[in-house]
Amino acid sequence: MKEKDAYIDYEPQQLIMYVEKEDGTFGPIQTGSYISKNYLDDFWAKMMSLRNSLLEKLKKNEITPVYFYKLIHDFNDVELSRRTGIPTYRVKKHQKVKSFRKAKLADLHKYAYAFDIPVSNLFQAIVVEDNEKKAESDELKQPIIVKQTRTDNPFVVITKIESNKK
Amino acid sequence: MIIESFKHNMAAHCESGTLNALLNYKGLEITEPMIFGLGSALYFGYLSRTPNLSFPMFILRTKPGKIRKKIEKRTDIKFNTKQFKSQDEAEQELDSLIAKNIPVACKVDFYYMDYVPQWERVHANIHFITVVGKEGDEYIVSDSYYPKLARIHKDNLRKARFAGGYLAPKGFRYYIESVPEAIDYKKLIPIAIKNTINNMIGVQPPFIGVRGIRTFAKKLQGWPKLTRDIDHLSHEVMKINVFLEDQGTGGGGFRFLYATFLRQASEILENKQLDDMAKKMMEIGDGWRNISYFAAKIGKNRELGPEKLQELGSMINERADSEEAFYKDLRTVVSNI
């Protein structure tokens with residue numbers, strides 16, 4: 001690849017690309033990500049669409065929170081089982097609405113750890129209406145920030161809703 | 001504290017970049033392409049049946065960690081490596097190494113590297129960073145994919161080092177104990193190139209090497225049946241671009257990086273034919289880059305019917321043909337060294 005064709009002006013995501021330079025030598029240049037510069041809006045639109053459609057199903061009790069977060073994190077059953085230490089057959093069971101209500105708190109704690117969320121978020125979806133009008137990537141422009149802070153108690157989290165001062 | 005003499009640089013690939021930075025810190029001048037080439041890291045594999053993957057994927061480099069292992073086997077560089085069962089022990093040991101001014105490379109789940117933009121963060125237990133300091137509850141890390149030194153909270157680093165799942169890091173870390181005064185490049189380069197040729201056109205399963213590229217072109221036609229909806233298919237097709245360009249390849253699915261290795265090898269060995277092969281590899285990389293552009297475009301436009309997927313498959317098959325011819329020529333060149 002010629003050096004002149006490799007430069008992408010996109011500061012938020014930089015990467016190193018090896019190119020043929022003007023003088024014919026091969027070497028690295030620092031440039032921006034082509035796909036993020038040109039297609040990031042499409043990525044966010046798809047993620048929002050997936051999240052919203054799953055949330056609708058969750059609200060109608062058609063799917064379980066385990067299934068919801070499994071898709072959001074792009075895990076399959078085996079990977080989720082390995083990450084939580086919960087046997088695969090039980091991971092499958094926990095994705096069925098009828099069986100989820102029998103899940104043990106200890107298992108839910110393991111799921112929450114793998115999904116990098118507080119346990120309480122398996123039972124609630126925090127939605128800030130004004131924020132939804134802004135792109136998910138555009139944190140600076142979101143008027144409200146939701147901050148969740150862990151406590152020493154593994155089952156308790158402090159959720160603070162603040163105005164964005166950035 | 002921070003190890004002041006450690007020099008942070010971005011690199012094309014996290015594993016070769018981390019290794020490069022640590023070797024340079026130890027006083028061995030070596031380039032990232034040379035590490036990549038000597039580690040015989042160029043590869044192709046189409047993984048459709050790996051139980052841990054939620055969707056088929058292709059890989060363009062050897063298994064994570066293998067570059068270091070090959071370099072260790074082929075040179076006199078001495079590594080100190082360790083995995084841990086206890087998270088506390090891993091953290092304490094890391095702290096004590098940093099206190100001794102030893103930069104430490106750690107294998108981590110990329111998802112927890114919260115200094116990179118949110119859209120980049122995916123669960124992948126194949127990322128390498130170098131820990132070069134600690135201040136309060138934060139570690140200072142050198143990440144090849146980030147322009148400057150970054151900070152990560154100790155809890156996040158702990159999660160990243162002990163994430164479960166496929167290729168779980170299990171707290172793996174390494175540092176370099178000693179480096180030789182010089183490396184016998186003239187001896188090692190042909191060995192490393194032959195290894196790569198074997199990876200690509202040697203006797204391999206049908207999903208590996210050039211045959212793997214053809215398998216990818218063929219199996220791609222069945223992707224619509226594996227996806228939930230058009231958005232999901234679009235997402236997976238656009239990931240072709242990400243795998244080829246953005247996920248630490250140096251562009252063109254590592255082909256530009258390998259071309260640079262061949263150029264450097266030709267200079268060391270004073271071999272004009274190797275330089276010609278370097279130029280050909282650059283052109284092959286351009287072909288892969290065209291594939292990545294095309295995949296991004298049809299994914300965004302949701303032009304994902306059989307015709308477009310066949311067109312994409314044909315482009316991938318062209319790469320297989322070019323690469324097969326390339327490695328056959330390269331085999332002839334190397335056998336004459």
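Which residues in α4(A) meet which residues in α7(A)? Leu80(A), Arg83(A) and Thr84(A) of α4(A) meet Lys110(A), Tyr111(A) and Ala114(A) of α7(A). Two residues are in contact if their C-beta atoms, placed from the backbone, lie within 7 Å. This is a predicted model: local features need pLDDT of at least 70, side-chain atom pairs count only at pLDDT 80 or more, and totals for chains, interfaces and linings use all residues. Residues are numbered from 1 along each chain as its sequence is written, while chains are lettered from A and ligands numbered from 1 in the order in which they are written. Helices (H or I, at least four residues) and strands (E, at least two) are DSSP runs, numbered from the N terminus.

**Helix pairs in chain A**

- Helix α4 (residues 77-84) of chain A packs against helix α7 (residues 105-115) of chain A at an angle of about 105°, with their axes 9 Å apart.
- Axes are lines fitted to C-alpha atoms, for helices over the stretch in contact, and angles run from 0 to 180 degrees between N-to-C directions.
- α4(A) and α7(A) are therefore roughly perpendicular to each other. Angles under 35 degrees count as roughly parallel, over 145 as roughly antiparallel, 65 to 115 as roughly perpendicular and the rest as oblique.
- The residues of the contact of α4(A) with α7(A) comprise 3 nonpolar, 1 polar and 2 charged. Ala, Val, Leu, Ile, Met, Phe, Trp, Tyr, Cys and Pro count as nonpolar, Asp, Glu, Lys and Arg as charged, and the others, Gly among them, as polar.
- Helix α2 (residues 34-59) of chain A and helix α3 (residues 65-72) of chain A cross at roughly 175°, and their axes come within 10 Å. α2(A) is thus roughly antiparallel to α3(A).
- α2(A) contributes Leu50(A), Arg51(A), Leu54(A) and Leu58(A) to this contact, and α3(A) contributes Pro65(A), Phe68(A), Leu71(A) and Ile72(A).
- By class, the contact of α2(A) with α3(A) has 7 nonpolar, no polar and 1 charged.

**Where the chains meet**

- The contact takes 36 residues from chain A and 42 residues from chain B.
- On the side of chain B that touches chain A, the elements giving two or more residues are α9 (230-246), α10 (255-269) and α11 (272-300) of chain B.
- α9(B) gives the most to that side, with 8 residues.
- The side of chain B that touches chain A has 20 nonpolar, 14 polar and 8 charged residues.

**Helix α10 of chain B**

- 12 of the 15 residues of α10(B) are buried, so this helix is largely enclosed by the rest of the structure. A residue is buried if 20 or more other C-beta atoms lie within 10 Å of its own, exposed if 12 or fewer, and partly exposed in between, with C-beta atoms placed from the backbone.
- Among the buried residues of α10(B) are Arg255(B), Phe256(B), Tyr258(B), Arg263(B) and Gln264(B).
- Their cover includes β1 (14-20) and β2 (26-32) of chain A, together with α2 (32-38), β1 (42-47), α6 (185-201) and α11 of chain B.
- At 1.5 Å a residue, the 15 residues of α10(B) should span 21 Å, and its end C-alpha atoms are 21 Å apart, which agrees. The expected span is 1.5 Å times one less than the number of residues in the helix.
- Just after α10(B), Glu270(B) takes a positive phi of about 50°.

**Domains and a helix pair in chain B**

- The domain assignment of chain B gives domain 1 (14-30 + 78-178) and domain 2 (185-335). Such bounds come from an automatic or database domain assignment.
- Taken over C-alpha atoms, the centres of domain 1 and domain 2 of chain B are 29 Å apart.
- Helix α7 (residues 209-219) of chain B and helix α12 (residues 306-335) of chain B pack at about 170°, with axes 8 Å apart. That makes α7(B) roughly antiparallel to α12(B).

**Loop residues in chain B**

- Phe254(B) lies in the loop between α9 and α10 of chain B. Phe254(B) has a positive phi of about 70° although it is not a glycine.
- With 27 C-beta neighbours inside 10 Å, Phe254(B) counts as buried.
- Lys170(B), also not a glycine, has a positive phi of about 50°. Lys170(B) is partly exposed, with 16 other C-beta atoms within 10 Å.
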